[in-house]
Amino acid sequence: MSQRIGYIRVSSKNQNLDRQLKVMQKYNVEKIFQEKISARDTNREQLKELLKYTRENDVVYVESYSRL
């Protein structure tokens, strides 16, 4: 059975994830990985966890390509 999985990210700790969370709710995403870290930082733990967690036939949602 496939699962809807989301990844949301903002670049700094003082930014808010709410806008991206609303997008995930709109698509009934079941599991969300989120972090507050710059895209320049290649050591993004939650992105790594998402990649480990995701199985064949799962669908990964992101609010925009720039969030990856």
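Reader: Why is Tyr-27 called partly exposed?

Author: The relative accessible area of Tyr-27 in this predicted model is 39%. A residue is buried under 20% relative accessible area, exposed over 50%, and partly exposed in between, with a 1.4 Å probe and protein chains only. The 39% of Tyr-27 falls in between, so Tyr-27 is partly exposed. The model is predicted, so local features need pLDDT of at least 70 and side-chain atom pairs count only at pLDDT 80 or more, whereas totals for chains, interfaces and linings use all residues. Residues are numbered from 1 along each chain as its sequence is written, and side-chain values use heavy atoms, with hydrogens and water left out.

Reader: How many aromatic pairs does a search of the whole structure find?

Author: The search of the whole structure finds 2 aromatic pairs. One of them joins Tyr-27 and Tyr-61.

Reader: What makes the pair of Tyr-27 and Tyr-61 stacked?

Author: Rings of Phe, Tyr and Trp (its six-membered ring) pair if their centres lie within 6.5 Å; planes under 30 degrees apart count as stacked, over 60 as edge-to-face and the rest as tilted. The centres of Tyr-27 and Tyr-61 are 5.6 Å apart and their planes make 25°, so the rings pair and count as stacked. The pair links distant parts of the chain, since Tyr-27 lies in the loop between helix 1 and strand 2 and Tyr-61 in strand 3, 34 residues apart.

Reader: How do you know which strands form the sheet, and in what order?

Author: Helices (H or I, at least four residues) and strands (E, at least two) are DSSP runs, numbered from the N terminus. Two strands pair if DSSP finds at least two bridges between them. By this rule, 3 strands form an open sheet in the order 2-1-3, with parallel pairing. Strand 2 (31-36) and strand 3 (59-62) stand at the edges with a single partner strand each, so one side of each has no neighbour in the sheet. On average, neighbouring strands of this sheet are turned by 20° against each other, direction ignored.

Reader: What makes strand 1 and strand 3 a pair?

Author: Strand 1 (residues 4-10) and strand 3 share 4 bridges in the parallel sense. The rule asks for at least two bridges, so these strands pair. Within strand 3, Val-62 is the bridge partner of Tyr-7.

Reader: How do you know that helix 1 packs on the sheet?

Author: Helix 1 (residues 18-26) touches strand 1, strand 2 and strand 3, where contact means heavy atoms within 4.5 Å. The direction of helix 1 makes about 170° with that of strand 1. Such angles run from 0 to 180 degrees between N-to-C directions, and the axes are lines fitted to C-alpha atoms, for helices over the stretch in contact. Helix 2 (residues 45-53) also packs on the sheet and touches strand 1, strand 2 and strand 3, its direction making about 160° with that of strand 2.

Reader: Over how many bridges do strand 1 and strand 2 pair?

Author: Strand 1 and strand 2 pair over 6 bridges in the parallel sense. Phe-33 in strand 2 is the bridge partner of Tyr-7. The chain crosses from strand 1 through helix 1 to strand 2 in a right-handed β-α-β crossover. That term applies if, with the strands pointing away from the viewer, the path from the first strand over the helix to the second runs clockwise.

Reader: What makes Glu-49 and Lys-52 a salt bridge?

Author: Their closest N and O atoms are 3.2 Å apart, which is within 4 Å. Glu-49 is partly exposed at 32%, whereas Lys-52 is exposed at 62%.

Reader: Is Asp-58 buried or exposed, and how do you know?

Author: Asp-58 has 12% relative accessibility and counts as buried. Asp-58 forms a salt bridge with Arg-55 at 3.5 Å between the closest N and O atoms, and Arg-55 is partly exposed at 46%.

Conventions. A salt bridge is a side-chain nitrogen of Lys or Arg within 4 Å of a carboxyl oxygen of Asp or Glu.
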